[in-house]
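This briefing is meant to be read alongside the sequence and the 3D view.

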Amino acid sequence: MRKTLHSREYRLMLALLVDVREARGKTQVQLAADLKMRQSDLSKIERGVRRIDFVELRHWLIALDFDAASFSQEFERRLDAVVDRTERLGAIGS
């Protein structure tokens, strides 16, 4: 399996994270304070310089009062808009 850090799907997830943060009216500084992390580290995650793992993602969503199921559904909706099914399946085995 290929690394996903620079994949279209990963960039889409990061864009969704930023959209959720902004929709909740939070700045990077505010969210970083809620998560007890540096704003610069949060910025690195949002820019795709540093990977976010599942546990961190869960903490972000809790801090943004956004449930993981809704996040996943929105991610899949956005992914469906840009990637066809055969491309999705091909990416799994790469």
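Helices here are DSSP runs (H or I) of at least four residues, and they are numbered from the N terminus. The model is predicted. On that numbering, α1 (8-23), α4 and α5 (68-82) each supply at least two residues of the lining of the second largest pocket. Two packed helices are described by the angle between their axes and the distance between the axes.

**The second largest pocket**

- The volume of the second largest pocket is about 150 Å³.
- Its lining consists of Y10, M13, I52, D53, F54, L57, R58, L61, A68 and F71, and α4 gives the largest share of that lining, with four residues.
- Sorted by class, the lining of the second largest pocket comprises eight nonpolar and two charged residues, with no polar residues.

**Helix α2 against helix α4**

- Helix α2 (residues 28-35) and helix α4 (residues 54-63) have axes that come within 10 Å and cross at roughly 115°. Angles of 65 to 115 degrees count as roughly perpendicular, and α2 is therefore roughly perpendicular to α4.
- The crossing of α2 and α4 is right-handed.
- On the α2 side the residues in contact are L31, D34 and L35, and on the α4 side they are H59, W60 and A63; by class, this contact of α2 with α4 has four nonpolar residues, one polar and one charged.

**Helix α2 against helix α3**

- The axes of α2 and helix α3 (residues 39-47) come within 8 Å, and they cross at roughly 110°, which means that α2 is roughly perpendicular to α3.
- From α2, the residues Q28, V29, L31, A32 and L35 meet Q39, L42, S43 and E46 of α3, and the residues of this contact divide into five nonpolar, three polar and one charged.

**Helix α1 against helix α3**

- Helices α1 and α3 pack with their axes 8 Å apart, at an angle of about 130°, and this angle makes α1 oblique to α3.
- L14, V18 and R21 of α1 make this contact with I45, E46 and R47 of α3.
- The contact of α1 with α3 has three nonpolar and three charged residues by class, and no polar residues.

Methods. Residues are numbered from 1 along each chain as its sequence is written. This is a predicted model: local features need pLDDT of at least 70, side-chain atom pairs count only at pLDDT 80 or more; totals for chains, interfaces and linings use all residues. Side-chain values use heavy atoms; hydrogens and water are left out. Axes are lines fitted to C-alpha atoms, for helices over the stretch in contact, and angles run from 0 to 180 degrees between N-to-C directions. Angles under 35 degrees count as roughly parallel, over 145 as roughly antiparallel, 65 to 115 as roughly perpendicular and the rest as oblique. A crossing is left-handed if the near helix is turned anticlockwise from the far one by less than a right angle, and right-handed if clockwise. Contact means heavy atoms within 4.5 Å. Ala, Val, Leu, Ile, Met, Phe, Trp, Tyr, Cys and Pro count as nonpolar, Asp, Glu, Lys and Arg as charged, and the others, Gly among them, as polar. On a 1 Å grid over the protein atoms alone, a cavity is a set of points where a 1.4 Å probe fits but cannot get out, and a pocket is an open set with protein on both sides within 12 Å along at least five of seven lines; lining residues have an atom within 4 Å of a point. Grid points are joined across faces, edges and corners, and a volume is the space filled by probe spheres set on the points.
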